[in-house]
Amino acid sequence: MDFDIVLNMARLDDETPMQQVWDKTNYMVRLADEAGFTTAWTAEHHTIELTIAPNPFQLLSHWAAITKNIRLGTGIVTAPYWHPIRLAGEAGLCDLISGGRLEFGIGRGSFQYEFDRMQPGIDQREGVGYMKEMLAALKELWKGDYAHDGQYWQFPTATACPKPQQLPHPPLWCAARDPGSFDWAISNGCNIMATPLQAPHSEVEVLVNRFNDTVARYPELPRPKLMMLRRVCVYDNPDDWMVPVEGVTNFGRYFETLMKNIGGVENGFADPADYQAIANKNDYDPKSLHENMLFGTPEEVVVKLKKYEALGIDTFLYGEAYGVSDEFNKRSLELFASEVMPHFQ
């Protein structure tokens, strides 16, 4: 089982300087590179401080300059916010800058709040159509001259400039949860990025079974990879178990505001949600979080990860325990690299 990491700049309030956020993120990606993580991923989001990532290629290009081996992934680019020609060229340039290290992840978009500002009047669920049309156009633009007359975009003959260093294009990934998304992604040559969010471990098993069932329907295609995201926090003292639980719970109040579109946003900062207003509030039960997230001492985390390995998951995606201090997150990654990963080599 490989290990990847997702790193996003994030703030819950304006008391945290952006320079501090920037420095911490760079520290984490350097450490991940030295520790042997396979890929570092970063998201795309706009107008929100909860995930500060207006252009993932810009951040990945910087990471390419400060790392040596780790691959660099968009997790994910939001198809409805781009034009195919621009996205094809941006991805090609990032692959060139990084020496052929780009992993290209694409998705439909997460928050209606963003759609209302980036694509006014469009329901975020329509993002699926944009994603499907976008990926088909990108593949052609990366090949050579191509004219497009689709539902969402139309343009005369054009090509990607520059084209990716990796041929015919960087590895493709799709963020997926529902059966339809799995089927479309796998039939179109994409690897799967999945997350059970805060749900119990049984949801991991559901996603793995969904992946395996879908792969079985396409025996003629090369087997794609399955990557599973979970929040991670490794600590020295077992008595510290409430630190990441409280941090993720607090962070979740802002995340749920955006995910459920149930609150406002002021100057980029989302209002914290009232857990009584969300249907999945039981997912934030302290004991449930401690059990189902990858929180624990190195020994405890190894035991939890063995369950993921036993399910045949190709890549475990390390997600930071947002809401805890920078020092706690740094120490967590250090412990994961030195005392957890060696058990899986």
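User: Which residues of H1 meet H2?
Analyst: In this predicted model, Trp-22, Thr-25, Asn-26, Val-29 and Arg-30 of H1 meet Leu-59, His-62, Trp-63 and Ile-66 of H2. Meeting is contact, with heavy atoms within 4.5 Å. Five of these residues are nonpolar, three polar and one charged. Nonpolar covers Ala, Val, Leu, Ile, Met, Phe, Trp, Tyr, Cys and Pro, charged covers Asp, Glu, Lys and Arg, and polar covers the others, Gly among them.

User: How do you know whether H1 is oblique to H2?
Analyst: Their axes come within 10 Å and cross at roughly 55 degrees. H1 is therefore oblique to H2. Angles under 35 degrees count as roughly parallel, over 145 as roughly antiparallel, 65 to 115 as roughly perpendicular, and the rest as oblique. The axes are lines fitted to C-alpha atoms over the stretch in contact, with angles from 0 to 180 degrees between N-to-C directions.

User: Why are H2 and H3 called roughly parallel?
Analyst: H2 and H3 (residues 84-97) pack at about 10 degrees, with axes 9 Å apart. The pair is therefore roughly parallel. From H2, Phe-57, Leu-60, Ser-61 and Ala-64 meet Leu-87, Glu-90, Ala-91, Cys-94 and Ile-97 of H3. Seven residues of this contact are nonpolar, one is polar and one is charged.

User: What makes a space a cavity, and what makes it a pocket?
Analyst: On a 1 Å grid over the protein atoms alone, a cavity is a set of points where a 1.4 Å probe fits but cannot get out, whereas a pocket is an open set with protein on both sides within 12 Å along at least five of seven lines. Lining residues have an atom within 4 Å of a point. One cavity of 30 Å³ or more is found in the whole structure. The largest cavity holds about 60 Å³ of space.

User: Which residues line the largest cavity?
Analyst: Its lining includes Arg-11, Tyr-254, Gly-268 and Phe-269. Helix H8 (242-260) and strand S11 (269-270) each give two or more residues to this lining. By class, eight lining residues are nonpolar, one is polar and two are charged.

User: How much space lies in the largest pocket, and which element gives the largest share of its lining?
Analyst: The largest pocket holds about 1,200 Å³. Among its 43 lining residues, Ser-110, Thr-195, Leu-197, Phe-255 and Met-259 are the closest to the centre. H8 supplies the largest share, five residues. The lining has 23 nonpolar, 13 polar and seven charged residues.

User: On what terms are residues numbered and values counted?
Analyst: Residues are numbered from 1 along each chain as its sequence is written. Local features need pLDDT of at least 70 and side-chain atom pairs pLDDT 80 or more, while totals for chains, interfaces and linings use all residues, and side-chain values use heavy atoms, leaving out hydrogens and water.

Notes. Helix = DSSP H or I, 4+ residues; strand = E, 2+ residues; numbered from the N terminus. Points joined across faces, edges and corners; volume = space filled by probe spheres on them.
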